[in-house]
Amino acid sequence: MAATTSNPRLRLAQIGPPDKWILAPVIAMVMLGIVMIYSSSFAEGFLLNNSASYYLVKQLQWLCLGGVALFVCSRVPYYQWRRVSVLGLALGLLGLVAVVVLPESLAPSINGARRWIKVGPFTAQPSEFVKLAFIIYAADWLSQKGEKVRNLWYGLIPFGITLGFIVGLVMLEPDMGTSLVFATIGLSMFFVAGAHLLQLAGGMALAAAAFTVLIFSASYRLNRLTIFLDPWSDPTGAGYHPIQALLALGSGGLGGRGLGVSRQKFSWLFAAHTDSIMAVIGEELGFVGSVLVVALIVALAIRGFSTVLRAADGFGALLATGITAWVVGQSALNIAVITLTVPFTGIPLPFISYGGSSLVVMLAAVGILLNVSRYTRPPETSTSRARETRRARWRSERKVSA
């Protein structure tokens, strides 16, 4: 069956069922997340909201909405998202600006950061929606550039300016963790689009320099770097949260204390049901449970990058790249923070941590990834392309020898 589109590659694409192995690890992580959110939040829910299941009920409500988003996005042909790529990013950027300029009543400050917009009983985090909007926009922009992406003035510089502008708005909140996730997404997509490796290396060096300046420009970020090197130098101050996370992980042992038996979640861990939920998993389910989480992330990464390789066109391949890099990069950053592999920063664990905006948008992204997996290049397309590549190489070698 052929796709009905003006894109000649998509007209030749084979359309089949979505890759169910993309969905399997996602379902497993969501189910694990529901269990662990209740386990890590029932005490706080009872103390603050007089209901042990307060956070569980809210997460289930968001899960229902996220399930609808996943289903709808899996049914919409992925190439249709090109039509709203610019509009989606523009609306997302307005959301990031609104977080900074709106009054406290609409954009509340929580733990010293302004990352949320409150509309009635609902609270949304615009940066989560911008991640998906940026992936769609970047996939559209890079796929249209083609070979021009290797040109410094047509490729790296305008792409770097766009990404840098988004990161700059996120840092105004401030949110270093989300900024790093955006950088991971952008660099991954630019690499897959066919970037010039020397230019990419230069761009990464500039990005690293910019993040270094940001770290040294704020005392609390510099303090986090110092604590990362030696958290026990201030065990009751800045080193408190990293130390408690390590204690939770270490006390779980091989098989864990048992589901619901964590001690650190009782006001010792910072944000036990959100950013530090991996520490609770390590304490209650032990090394085995932690490895299971990593295995599920790796399984999703394998199927995601398999979709990249089999995608029918460049736009689909870049969409799959951005979504997979987002999930894998954010997961790796969360686990690295909890294990004190990198300086402490707040970032949720995809599909597992509590958070409506993150869950709904990530499930929508999985729906798009599922739809991309339906469209694959026919075998003869990849074979003929490889044959033409070999012929071009032989012709160039003959010219050199002559």
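**Figure 1. Pro174 is found in the loop that joins helix 6 to helix 7.** Helices are DSSP runs of H or I with at least four residues, numbered from the N terminus. The peptide bond that leads from Glu173 into Pro174 is cis, and its omega is near -5°. Asn50 is not a glycine, yet its phi is positive, at about 60°. Most residues other than glycine have a negative phi, and most peptide bonds are trans. The model is predicted, with local features requiring pLDDT of at least 70 and side-chain atom pairs counted only at pLDDT 80 or more, while totals for chains, interfaces and linings use all residues. Residues are numbered from 1 along each chain as its sequence is written, and side-chain values use heavy atoms, with hydrogens and water left out.

**Figure 2. Helix 5 packs against helix 7 (residues 176–192) at an angle of about 15°, with 11 Å between their axes.** Axes are lines fitted to C-alpha atoms, for helices over the stretch in contact, and angles run from 0 to 180 degrees between N-to-C directions. Angles under 35 degrees count as roughly parallel, those over 145 as roughly antiparallel, those from 65 to 115 as roughly perpendicular, and the rest as oblique. Helix 5 and helix 7 are therefore roughly parallel to each other. Their crossing is right-handed; a crossing has this hand if the near helix is turned clockwise from the far one by less than a right angle, and is left-handed if anticlockwise. Helix 5 contributes Ser127, Val130, Lys131, Phe134, Ile135, Ala138, Ala139 and Leu142 to the contact, and helix 7 contributes Thr178, Val181, Phe182, Ile185, Gly186, Met189 and Phe190. Contact means heavy atoms within 4.5 Å. By class, this contact of helix 5 with helix 7 has 11 nonpolar, 3 polar and 1 charged residues. Ala, Val, Leu, Ile, Met, Phe, Trp, Tyr, Cys and Pro count as nonpolar, Asp, Glu, Lys and Arg as charged, and the others, Gly among them, as polar.

Figure 3. A cavity is a set of points on a 1 Å grid over the protein atoms alone where a 1.4 Å probe fits but cannot get out, and its lining residues have an atom within 4 Å of a point. Grid points are joined across faces, edges and corners, and a volume is the space filled by probe spheres set on the points. The lining consists of Phe134, Tyr137, Trp141, Pro158, Phe159, Thr162 and Leu163. Helix 5 (126–145) and helix 6 (156–171) each provide at least two of the lining residues, and helix 6 gives the most, with 4 residues. The lining comprises 6 nonpolar residues, 1 polar residue and no charged residues.

**Figure 4. The second largest cavity has a volume of about 30 Å³.** Its lining is formed by Asp275, Asn334, Val337, Ile338, Phe344, Thr345 and Ile347. These residues divide into 4 nonpolar, 2 polar and 1 charged. A search of the whole structure finds 2 cavities of 30 Å³ or more.

**Figure 5. Helix 2 (residues 20–49) and helix 13 (residues 356–374) pack at an angle of about 165°, their axes lying 10 Å apart.** The two helices are therefore roughly antiparallel to each other. The crossing of helix 2 and helix 13 is left-handed. From helix 2, Ile22, Leu23, Val26 and Val30 meet Leu359, Leu363, Val366, Leu369, Leu370 and Ser373 of helix 13. The contact of helix 2 with helix 13 has 9 nonpolar residues, 1 polar residue and no charged residues.

How values were computed. On a 1 Å grid over the protein atoms alone, a cavity is a set of points where a 1.4 Å probe fits but cannot get out, and a pocket is an open set with protein on both sides within 12 Å along at least five of seven lines; lining residues have an atom within 4 Å of a point.
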